[in-house]
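Look at the model first, then read on.

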Amino acid sequence: MSNLSGAKCVICEIGHDPNDTNKANRYCPKCGIFSHAECADPDRGEDGVCYSCRFIDENKISDKFVEPQCHMCNTSALAGGPLVKTDAKPMSMKKWKDNKAAYNRSLYGPNNFCHTLCG
């Protein structure tokens, strides 16, 4: 998977530049999706593991672990490209105060993800 000839970023659809020296611009070694670090995950580092794969590795030992899915299209990272964590905040908690379960299922809840193209 180290050969990037002909690889296109799943987000911007720009092909890999052979003169690019950024080692984070590569296929994720876990899910195999190619993306530029600037497009999907600037924190991915030189190992190239995307955010959703790092999240899975860090949290899969939890009893309440659920594989991250896109909040918009309900598919996983493998089906639609890299996922990023959503960061939405409600204007008021008034509606959610009495219904925490609905809040957790909403876009505002914890551990929600979205494909970069869906969001």
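## Cysteines

The sulfur of cysteine 70 has its closest cysteine sulfur in cysteine 73, 3.7 Å away, which is too far for a bond. A disulfide needs two cysteine sulfur atoms within 2.5 Å. Cysteine 70 is buried, at 1% relative accessibility. Buried means under 20% relative accessible area, exposed over 50%, and partly exposed in between (1.4 Å probe, protein chains only).

Cysteine 31 is also too far for a bond: the closest cysteine sulfur, in cysteine 28, is 3.7 Å from its own. Cysteine 31 is buried, with a relative accessible area of 18%. The structure holds 0 disulfides.

## Basis of the model

This is a predicted model: local features need pLDDT of at least 70, side-chain atom pairs count only at pLDDT 80 or more, and totals for chains, interfaces and linings use all residues. Residues are numbered from 1 along each chain as its sequence is written, and side-chain values use heavy atoms, leaving out hydrogens and water.

## Aromatic pairs

The whole structure has 4 aromatic pairs. Rings of Phe, Tyr and Trp (its six-membered ring) pair if their centres lie within 6.5 Å; planes under 30 degrees apart are stacked, over 60 edge-to-face, the rest tilted. Tyrosine 27 and phenylalanine 34 pair edge-to-face, at 5.6 Å centre to centre and 65° between the planes. Phenylalanine 34 is buried, at 2% relative accessibility.

Phenylalanine 55 and phenylalanine 65 form a tilted pair, with 6.5 Å between centres and 35° between planes. Phenylalanine 55 is buried at 9%; phenylalanine 65 is partly exposed at 24%. Ring pairs link Tyr51, Phe55, Phe65 and Phe113 into a cluster.
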